[in-house]
Amino acid sequence: MLDEKTIALIADEVARRLRETGRFPPAADAPPVENAPESAAEPAPAEDIASAEHKAKPLLRSAADPEALARMKRRTTARIGVGRAGPRLNTETMLTLRADHAKARDSVFADVDPRLLERLGLFTVQTQCDCKDTYLTRPDLGRRLSDEAVRTLEERCVKDIDVQIYASDGLSSAAIEANLERILPVLTEGLEAKGLKLGTPFFVRFGRVAAEDHIAELLRAKVVCVLIGERPGLATAESMSAYIVYGAHPGIPEAKRTVVSNIHKDGLTAVEAGAYITEVIEQILRQRKSGVDLVK
């Protein structure tokens, strides 16, 4: 066992070396260290291991063709070239997986920023879910509007319309925050340019896709399009979908819905999606069909 004197000598030596590297404040009575740096260098900012830039770096050190692996990684968000440590994933890959999983959970449980909805001029109504836990465990309640929501829509929305567009958090608030501000103006302006009568846009909190059936019936809309957050994965938590249906009513088969999915910056971008959905809605109105009945 070390005695107190030896321990004190070791501590002094460690402190001296730390002072020389600038990582330990000098003692008040300590003499200046010769050739010591004038100030400690600022530590480099930590890299976000869940960022696209970090994930683009191959971790497989023994790749036969590193350039080919780098090209493949630039073309997909799939986890390729991650390497392993014995029978398990290496530490960096595991940390990235955990970071992506945390982002996915956050996108499910977080609420959409009310400032975004205010900028877009969207008022909010709610389904029969009273909280996020209820929303996740009772999908049926997320398909039906609350009594207050029904009254609000009847009071504030235009009826007997060609197209009703609204947004809903769904399973990813992050998807709405990342895409809604870019897609909504493109979509509304494109439909108006085609001479279609649009309803009053709004936001549905704790909404499932089938809530659009009640909204279509309530507002007497020929076509309803909901922009809703998709269930997040480990590749992205910002993917949004548009579910479009003609002549919707409660109980309509799911096969009657036309879906445009994978709307995010690394998939179908929001601006492109807005232009494409505009054309799809025009086609649906012309054929008076949607889903599997739509002839493309």
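**Legends to the close-up views**

**View 1. Overall contacts and fold of the predicted model.** In this predicted model, 67% of the protein's contacts with a separation of 6 or more are made by residues 24 or more positions apart. The secondary structure comprises 10 helices and six strands, and of the 296 residues in the protein, 41% are buried. The exposed surface comes to about 17,300 Å², of which carbon and sulfur atoms supply 53%.

View 2. The side chain of Lys159 comes to 2.7 Å from the backbone oxygen of Glu154.

**View 3. Surroundings of Lys159 beyond its sequence neighbours.** When neighbours within four places in sequence are set aside, the residues in contact with Lys159 are Leu153, Glu154, Lys197, Leu218, Leu219 and Arg220. The C-alpha atoms of Lys159 and Thr200 are 8.6 Å apart in space, although 41 residues separate Lys159 and Thr200 in sequence.

**View 4. Cys157 and Cys225.** Cys157 has a relative accessible area of 8% and is therefore buried, while Cys225, at 0% relative accessibility, is likewise counted as buried. A disulfide is a covalent bond that joins the sulfur atoms of two cysteines; a search of the whole structure finds zero disulfides.

Methods: Residues are numbered from 1 along each chain as its sequence is written. This is a predicted model: local features need pLDDT of at least 70, side-chain atom pairs count only at pLDDT 80 or more; totals for chains, interfaces and linings use all residues. Side-chain values use heavy atoms; hydrogens and water are left out. Contact means heavy atoms within 4.5 Å. A polar contact is a pair of N or O atoms within 3.5 Å; within protein, one must be able to donate a hydrogen and the other to accept it, and residues adjacent in sequence count only if both atoms are side-chain atoms. A disulfide is a pair of cysteine sulfur atoms within 2.5 Å. Buried means under 20% relative accessible area, exposed over 50%, partly exposed in between (1.4 Å probe, protein chains only). Helices (H or I, at least four residues) and strands (E, at least two) are DSSP runs, numbered from the N terminus. Accessible areas come from the Shrake-Rupley method with a 1.4 Å probe; for residues, only the protein chains shown count as cover.
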